[in-house]
Amino acid sequence: MNLEIAVEFIRAKMVLMSENSYQEEMEKVIDTIRRQFERRFDLAGYNLTELRRWDVEMLEGLFKGAVLETDWGDIHKQLIVKFGVSRLGPTGRKVTQQVLKRGRILDMDEYYHVKEFVSNVDNIDKIGEANYSALDQMLSAFAPPTRAGEEEPPDTETRAFSPAGRTRGTEPDPIRLEPDEKLCPAQLSLEQRKEFLQARYEETLKHLDHDLDRQQLGYVVKSSLPFIDSPYVQDHAREAQCAFVEHELESTATLFLSYAQFTSIEDELERRFGFRRLGPSAQRLAAQLIAEERAPTRHERIIVERFLEQHPRQQIFSREQKRQIKLALLRPLSDPLPSPPPRPKYKQPDDLSVLRIGAVFRNGLAQSPCRVMAFDDMEVSYDYWIEELNRWMYGTSRRSWGYYKTPTAIFLHEAEPLRVDEIAREFLAKYRPELPLRFARHPTFAWTDKPFSDRESFDEHLRSIAPDLLSHPPFPAPTISLHPWMRGGRFRKPEIVRAVDGKSISIRDILWAAQRLQAPCQKGTSKGVGFYRIGLAHGAPSYYIGEYYDAGGMIRFYEGLQGSVR
């Protein structure tokens, strides 16, 4: 696959992800990332290494949870039909093992896979230091082909054509190790450090002329700064947290700014405050890890790993020094995470009258208010307010959605009732909050009892094993969407079951449809049966086909509080 086709592949994949996103908010995030991809392409273009990394880490990694497992299968099929492949490259481990066994790299495709695998610090532990060094030597010794029609070697790799028709050759990264980074005084107060961070953010904004870039940088600030004052951050660690937020800002801005722009920002900060940085730069931290032969802190590990990934062409450190840095990052952390605070002792509320559809609470589940969408004594499905967008998370434009859910006792734990919103009829008709959150549970009947050739044999088995299931009232909706469930929390593509009379569906019909869907997916014997609300799928109330106990542990949590079985 050449460079132009690879760019079109990434574009097509992001469009398909956006169209198949299970949540409206994630769809917007993917669209934002897609526009940023185009923005960066306009400025500098991409090379194949960057596109492969984008595909594996961003699309297949970060955003994979935004699309159902079955929809990913459909996306891959469409990509194969159009491009002949469903991914630009695997994670590289299998290719790397083949190269190690063979003892040499055959082509550019293997070169990129091995290079990507070796660049991941964690992989040293997987393959061993000796194999890691051997792969490094193979990468250095590999002479890429340069004949007509073949790819250029990585050191002279030509970037993609921009709309202006220009190309840009790859050059060494201009970053360098400063002899004196002019750090802030040790006695600088926390408020002054936060003031410096705010100033750095504002100075960085002055160099960004695109709204999407400014929004992304603003999101980093809003999500990072509150952690400085978090009760979970110990007092002696707040200064380190400020330095880490500085690196978060710097890392995000790396996508948009040049080294010269970073230098001008720090020049202005030195003029205003008398110093340039709150903490050492990533390259300075990497040098310290080599010189001092010490274990990194949690923040240092993140910062240095990010530096090695974002600056693959830096010339500060030699290949041997990079190897030493990666080995240093594998040492046990010098500041392991402290023991988490004891979990609160939840108690099942005696009075649930405060719960009603549209009731708005402030609790510990989100920084913003939460609104009740559906509830019973076991669990609450809720919505939350998005302050940046000035609206609730759930709308009425989506035909597929998964609810946020939590046990009722956790939702109401130290919750502050705010008000009760009037819910629009359109909203209620779409989400059907009156439908049961779980139904047709039975402890002994199983999806894998035995295969059934027809409906009659299944009905006969059902009457002999679980006759009480047949006495359940019909499901009070004209359609229901059933998701087969697989261990590991994955759902397969749903199937719509429709009422014969157009009003309600008999439990017998639902069980028969679920049997045909779930039995092929079930590994081992199912421990009972049950149906549990997910949200919406294709405009119909969606439930996953589960066992007697739900996969999320809601029922067991409730039984633990009540000391009873339900």
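**Notebook: helix packing and nonpolar cores**

I looked up helix α13 (residues 282-292) and helix α15 (residues 319-329), which pack at about 85° with axes 9 Å apart. The angle makes α13 roughly perpendicular to α15 (65 to 115 degrees counts as such). Axes are lines fitted to C-alpha atoms, over the stretch in contact for helices, and angles run from 0 to 180 degrees between N-to-C directions. Helices are DSSP runs of H or I with at least four residues, strands runs of E with at least two, numbered from the N terminus.

The model is predicted: local features need pLDDT of at least 70, side-chain atom pairs pLDDT 80 or more, while totals for chains, interfaces and linings use all residues. Residues are numbered from 1 along each chain, and side-chain values use heavy atoms, without hydrogens and water.

Next I listed the contacts (heavy atoms within 4.5 Å). From α13, Ala 286, Leu 289 and Ile 290 meet Gln 321, Gln 324, Ile 325, Ala 328 and Leu 329 of α15.

I then turned to the cores. A nonpolar core is a set of buried Ala, Val, Leu, Ile, Met, Phe, Trp, Tyr and Cys residues joined through side-chain atoms within 4.5 Å; buried means under 20% relative accessible area, with a 1.4 Å probe and protein chains only. The largest has 28 residues, and Phe 439, Phe 475, Ile 480, Leu 482 and Phe 531 have the most contacts inside it. Helix α19 gives the largest share of this core, seven residues. Beyond its neighbours within four places in sequence, I found Phe 439 in contact with residues including Ile 507, Ile 510 and Tyr 543. Another core, of 22 residues, lies apart and includes Leu 197 and Leu 269.

Definitions and conventions
Buried < 20%, exposed > 50% of the residue type's maximum accessible area, 1.4 Å probe, protein only. Parallel < 35°, antiparallel > 145°, perpendicular 65-115°, else oblique.
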